[in-house]
Amino acid sequence: MSGMSADPAQALPAVMSPLSGQMLELDEDDDLEVFSKDMNLMDGSPMNASMPTSPASMINQYKFEEETDAKDIFVTVDNPESHVTALETFITYRVVTKTTRSEFDSCEYEVRRRYQDFLWLKERLEEGHPTLIMHPLPEKFVMKGMVERFNDDFIETRQKALHKFLNRVADHPILSCHEDFKIFLTAQAWELTSHKKQGPGFLSRMGDTVRAVAASVRGVRNRPEEFTAMLEYVDSFGQKMISLDKVTQRIVKEQKEYLGELKEYGPVYTLWSGSEEELVEPLKGVASCIDRCCKATEEQIGHLSENLVPLLHEYVLCTDSVKAVLRRRDNIQAESEAKNDALANRKADREALKDSKDLGFVLGSFLGKKPEEAKQQKEQRLDSEINELKEEVERLEDKVECANNALKGDWLRWQGNMRSDIKAAFVSTAEKNVDYYEKCLAVWESFLTSQTAAHDMESNSGHSS
Amino acid sequence: SLPSVRGTHVESLEKCDMAEGSCLLRKMEISVAEAEKRTGKNAVNMQETYTVYLIETSVTEGHNPVPDSLWRRYSEFELLRNYLLVTYPFIVIPPLPEKRAEFVWHKLSADNMDPDFVERRRIGLENFLLRVASHPVLSSDKIFFLFLTENGWKEAVFETGFLAKSDSRLKALNATFRVKNPDKRFSELKHYSDELQSVTSQLLRVRARVADRLYGVYKVHGNYGRVFSEWSAIEKEMGDGLQSAGHHMDAYAASVDDILEEEEHYADQLKEYLFYAEAVKAVCRKHELLQYELETASQDLASKKQQQEELAAGTVRTFSFKGMTSKLFGQETPEQREAKLKVLEEQIKEGEVTVTEKTLECEEFVKNAWKDIERFKEQKDHDLREALMSYAVMQISMCKKGIQVWTNAKECFSKM
């Protein structure tokens, strides 16, 4: 079995899937690197004949090559447009898909989607794969500040977040194969609307919700240690993200105030130069340096606002996503435990029947039924119930196993993505800050050089010292 | 102490020799070496805490430098300066460092007892002494020498009677509004001083606000240090990178204290010239006063001469009370007229002497003052240029620190 310890942050050892050979034949890539560093869907257990062949688990068994080599679908979200109808105003975004995948009839698609459509897609994917971790959608509403829904910055931020969401789905080996993803990318507006209507009916969705609520109320009994560790980690991690989000936004705020004062600073030197003679050049020089530093500061603020701030915010939302995934996993396990309990109860009843202690027969006999007949009837009924329950239990236990495997695999993938996202964002921020200081350095150094040169010229040309 | 000020004084020394006499700084080293708190009873017998400054001098002439030292309060420096102001009204007297901390940005203390303020004041007082000691005219003043070397200097300064000589503010104000023909150069100079005062105060105000904001930006980054450190505890692969990046963030946040402390020196240099502007205005006011006195004396003389004419001719063109009464109560006798003419003649003679004296005084003043003003202008241009360049040097240093910190941080992040 795989050496999966309770610590979810530990990397899995490299495992070669026995099926990868098959995959290699199907694939035309020359690159033979099979080990995917961020996606290991196998939990390492040998192929088990008793493993149920649900589509999800089948895909679990296939190892995909490193995505960068095998990336065969590219999705972009851009070009927001406003639509005004009698009832509402909303924004649509252009979604362009380029793909070589065979499931797609064409290799290029362009459709327009609104936020609601993304929300629908997310829900469908969650339904199909409750324990896979998806990148979050941007929020529906913005609580803080007085951001209008159709403010340019808001739209741009939302668009980038939608782009990232869709790309993460496209990069996911399992999620990207979901039927609804394909429909989302390819269907015309009216097609999508009618397809949405065909989804699970209201009543069946109600049923799911009721079951989910019941399960969460019941609670899970024997949660495996590794999932508890995941929950604890996500909790801490979430707090850190919230803190970092706050700190970064505070930095932006302070930078903006600094910039405001700086903008008033340069002009005073220019004003001064108006009453001087010899000092005109150095004063104007300083004014110009400050102005150029202002521009650099503006760029720096922009970079921070467009990169680190949204990224940290995304990861705040991510932790909610992950927590929801962990809850759903718990619910699946709780459901299975409940069924097990029910089976145990029925078996106990069956046992009790043997002892004939059931008073129901006594009652039955009053109503004219022969006790022996009644007992037999009850026996039969219980047996059939027990068989049904056994099947159910097996089904649910498999469901739990699949859910756990899916989550374990996706957990590593999520961790890998998180590390690279965060690393990239902070590295980029640090780079930008270095760039900012280098720009300012150059500005002041050139001022100093020009001043020294001018002074040297003066002292060489005139004064006898 | 301020390196640029010392540099200035080396240059002033060179100029010193070319001017009249050789200045004090050639013969003697001067410094304000220390500051100390003292407590004692003040004029109204109340306990007070004050600071004293140690003036160290060392005569460099000859082979045996004789060191000396004494303690002085800020108020004594003020007394010295007032003496110089009255005694040399045609000189732009170097200013003292500010009495109370102004243009403070929030983290800087406005408390006079704050050690940083005291330290900066110490430097400012030394700067003042060096400026006086390197001035071609002021450096040879006896009272100044006593101030540096003699504990009982106060007696001497009061003996000069300078307090009596000082012009009343009202007189000076009067002169400003009533002078008819001020020297054009002085009018322009006064205008320039006003502008210099206005622009340097504005600059100091805005700079303080910028400093405040910069402080905020740097310090908030300290929070990154804290959160990274906490976060690194729950990460395996990212832990080391986060931890070390956190340290760099802490270093970044801490670096702003030194940066802004250095900038205070720049602010002090600007302040010196803000106060110098006031000293220049004092010289302009003195000119106006002298010019006004000359104009008044000339006017008096002119009117007396007119009276003489009229009296001699027998016509009354100028209004005089005596004239009216004589009209009302009868003509005056020839003897009376004779007497009046004699008085007028005396007055006219005196008046002419006064006018001549005043004219000379004015011309002397203008000549001497303008000489010092030219010297001041050169000094100002040099000093401020140096200050601007040292400001650039500070910015460069700040940028280099920033580059280093963020390069290090980037490396740590890359290792996450």
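Helix α4 (residues 115–128) of chain A lies across strands β1, β2 and β3 of chain A and runs at about 105° to β3(A). This is a predicted model, in which local features need pLDDT of at least 70, side-chain atom pairs count only at pLDDT 80 or more, and totals for chains, interfaces and linings use all residues. Residues are numbered from 1 along each chain as its sequence is written, chains are lettered from A and ligands numbered from 1 in the order in which they are written, and side-chain values use heavy atoms, with hydrogens and water left out. Helices (H or I, at least four residues) and strands (E, at least two) are DSSP runs, numbered from the N terminus. Contact means heavy atoms within 4.5 Å. Axes are lines fitted to C-alpha atoms, for helices over the stretch in contact, and angles run from 0 to 180 degrees between N-to-C directions.

**The sheet of chain A**

- Chain A has an open sheet of three strands, ordered β1-β2-β3, with antiparallel pairing; two strands pair if DSSP finds at least two bridges between them.
- At the edges of this sheet stand β1 and β3 (108–114) of chain A, each of which pairs on one side only.
- From one strand to the next, the twist averages 20°.
- Strands of a sheet pair through backbone hydrogen bonds, either parallel or antiparallel.
- Ten bridges hold β1(A) and β2(A) in antiparallel pairing, and these strands form a hairpin with four residues between them.
- Within this pair, A:Thr76 stands opposite A:Val96 in β2(A).
- Strand β2 (residues 89–99) of chain A is joined to β3(A) by seven bridges, and the two run antiparallel.
- A:Thr97 has A:Tyr109 opposite it in β3(A).
- Helix α6 (residues 179–186) of chain A also lies across β1, β2 and β3 of chain A, at about 90° to β3(A).

**The sheet of chain B**

- An open sheet of three strands in chain B has the order β1-β2-β3, and its pairing is antiparallel.
- Strands β1 (28–41) and β3 (66–73) of chain B each have a single partner strand, so one side of each is left without a neighbour in the sheet.
- The twist in this sheet averages 20° from one strand to the next.
- Strand β2 (residues 47–59) of chain B runs antiparallel to β3(B), and eight bridges join them.
- B:Thr57 has B:Asp68 as its bridge partner in β3(B).
- Helix α3 (residues 74–87) of chain B packs on the sheet and touches β2 and β3 of chain B, with its direction at about 100° to that of β3(B).
- Helix α4 (residues 115–133) of chain B lies across β1 and β2 of chain B and runs at about 135° to β1(B).

**The interface between the chains**

- The contact involves 55 residues from chain A and 54 residues from chain B.
- The two chains bury about 5,400 Å² between them, 74% of it on carbon and sulfur atoms; buried area is the accessible area (1.4 Å probe) that two parts lose on being put together, summed over both.
- A:Tyr265, A:Trp272 and A:Tyr437 supply 14% of the area that chain A buries against chain B, more than any other three residues.
- Seven salt bridges are found across the interface of chain A and chain B; a salt bridge is a side-chain nitrogen of Lys or Arg within 4 Å of a carboxyl oxygen of Asp or Glu.
- The side chains of B:Arg213 and A:Glu257 form a salt bridge at 2.5 Å, N to O.
- On the side of chain A that touches chain B, α9 (225–273), α10 (280–306) and α13 (371–461) of chain A each supply at least two residues.
- Helix α9(A) gives the largest share of that side, 23 residues.

**Individual residues**

- A:Asn79 lies in strand β1 (residues 73–84) of chain A and has a positive phi of about 55° although it is not a glycine.
- A:Asn79 is partly exposed at 34% relative accessibility; buried means under 20% relative accessible area, exposed over 50%, and partly exposed in between (1.4 Å probe, protein chains only).
- B:Asn45, in the loop between β1 and β2 of chain B, is not a glycine but has a positive phi of about 65°.
- With a relative accessible area of 56%, B:Asn45 is exposed.
- B:Ser244 belongs to helix α10 (residues 239–313) of chain B and is partly exposed at 26% relative accessible area.
- B:Ser244 and B:Glu411 are 167 residues apart in sequence and 9.5 Å apart in space, C-alpha to C-alpha.
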